[in-house]
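Please keep the sequence and the model in view while reading.

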Amino acid sequence: MMVAEKPAPGVFQVHEAADDEQEPASPSSPRKMHSLDFEHIGALAAVAESLAPGSRWRRALTSARFVIFQAKINVLLPFGPLAIVLHYLSGTHQGWVFLFSLIGITPLAERLGYATEQLACYTGPTVGGLLNATFGNATEMIISIYALKNGMIRVVQQSLLGSILSNMLLVLGCAFFAGGLVHSDRDQVFNKASAVVNSGLLLMAVLGLMFPAVLHFTHSEAQYGKSEVALSRFSSCIMLVAYASYLFFQLKSHRSMYSPIGDEEEATEEDEDEKEITQWEAICWLFMLTIWISILSGYLVDAIQGASESLNLPVAFISVILLPIVGNAAEHASAIMFAMKNKLDITLGVAIGSSTQISMFVIPFCVVIGWMMGREMDLNFQLFETATLFITVLVVAFMLQEGTSNYFKGLMLILCYLIVAASFFVHVDPDASEN
């Protein structure tokens, strides 16, 4: 016969104690309300502390420490104000004004690249590469507008051509060389499809620059001196439409084609650790650095002719070699850094993307701006410059067709740039007397 077991002593007491413990957890419990109040008060206090004036000042000082005081290259910053002072104290030593302005712009261009990289951490690799190319070209664009305003059309043409040559040969060559040395055990891989699209755009730019030059030197114009300008303006509008279509293609319709490949997918996870300043701080620094670069660019352009005479250097060499090296300091540092981190797609976006942007946007834009200013800026870059650009595009296109890079490819590109620099050192510009 089954006998019901009696509950052990103390069981009912345990259940009663458990019920007693559950009672304070009810929503109407004063203890729970107090804990919630303390949590909300703590969160509000943290927000208030972040918005306090002292906190904003601390954040600003931290941002200034990263942008200004952390980089060793910023020891060159005083050369900018010294160039301005020297310009007003002595108008005869234009060579020193040019050199000091050139040295003063160098750290500004490099810091512009740093601020762009910080902004790129919040946007992703595709938009990041586009931002690097755009703000990296801000220096060249500002210098070109100042020179165009002063009627120095050949300086505009040669400096923009030099920027393309510098990005495609020197910047990309140094990036491939440095990345190849760091990853010497294997070839680095990049997105071949996007490189082919950029090569096609560069060949289209060569096409746009070649026909005005051929039309001029074959003396086959319908109206001498006017047909090449009209053709240049029409071609510039077409090139601007092509570049706008390329941006839509890159950022919207075929966005997946520009996604990182290989180890870069893992490398993009490291972006969180690379963020040193906030997104809005990066935008503010970009604005301030661009203004300071535009001020120094005015003094730099004014001193080019005097520097050519005092330093005994051809204006073509100054415009094609010296100015772009300074203007491309941001791209140079960014491309090498990304290549060493095996982020070659961003490296190509900076170097080749920058060349594409100059050839398909900045040069046509300067033609349109000159049209609005009443300056006859055209796409006739003379036969020597056009032939140099054509051969350079072919060399780089052959280097990119396999979709791989190594230190030897980088070395070849650097040596090609040295040949180009030597060529412009002994080159006499046929239009030098006119400008």
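Contact here means heavy atoms within 4.5 Å, and helices (H or I, at least four residues) and strands (E, at least two) are DSSP runs, numbered from the N terminus. The model is a predicted one, in which local features need pLDDT of at least 70 and side-chain atom pairs count only at pLDDT 80 or more, while totals for chains, interfaces and linings use all residues. Residues are numbered from 1 along each chain as its sequence is written, and side-chain values use heavy atoms, with hydrogens and water left out.

The protein chain comprises 19 helices and 2 strands. Of its 435 residues, 49% are buried, where buried means under 20% relative accessible area, exposed over 50% and partly exposed in between (1.4 Å probe, protein chains only). Among contacts with a separation of 6 or more, 84% are between residues 24 or more positions apart.

Two packed helices are described by the angle between their axes and the distance between the axes. Axes are lines fitted to C-alpha atoms, for helices over the stretch in contact, and angles run from 0 to 180 degrees between N-to-C directions. The axes of α9 (residues 192–217) and α10 (residues 227–253) come within 9 Å and cross at roughly 175°. This makes α9 roughly antiparallel to α10; angles under 35 degrees count as roughly parallel, over 145 as roughly antiparallel, 65 to 115 as roughly perpendicular and the rest as oblique. On the α9 side, the residues that meet α10 include Val197, Leu201, Met204, Phe211 and Leu215, and their partners in α10 include Leu231, Ile238, Met239, Tyr246 and Phe249. By class, this contact has 13 nonpolar, 5 polar and 1 charged residues. Ala, Val, Leu, Ile, Met, Phe, Trp, Tyr, Cys and Pro count as nonpolar, Asp, Glu, Lys and Arg as charged, and the others, Gly among them, as polar.

Helix α9 also holds Leu209, which is buried with a relative accessible area of 3%. Leaving aside neighbours within four places in sequence, Leu209 is in contact with Ile363, Leu379, Phe381, Thr386 and Leu389. Leu389 is 180 residues from Leu209 along the chain, yet their C-alpha atoms are separated by 9.4 Å.

Attention now turns to the aromatic rings. Over the whole structure, a search finds 9 aromatic pairs. Rings of Phe, Tyr and Trp (its six-membered ring) pair if their centres lie within 6.5 Å; planes under 30 degrees apart count as stacked, over 60 as edge-to-face and the rest as tilted. Phe79 and Phe100 form an edge-to-face pair, because their ring centres are 5.3 Å apart and their planes stand at 85°. Since Phe79 lies in α4 (residues 79–89) and Phe100 in α5 (residues 94–120), the pair ties together parts that are 21 residues apart in sequence. Phe79 is partly exposed at 25% relative accessible area, whereas Phe100 counts as buried at 18%.

Phe384 is partly exposed at 32%, while Phe424 is buried at 0%. Elsewhere, ring pairs link Tyr243, Tyr246, Phe361 and Phe365 into a cluster.

Helix α4 also contains the buried residues Gly80, Ala83 and Ile84. These residues lie on the same side of α4, because they cover an arc of only 95° around the axis, the arc being that of the directions from the helix axis to the C-beta atoms. The cover over the buried residues of α4 includes α5 and α13 (279–302).
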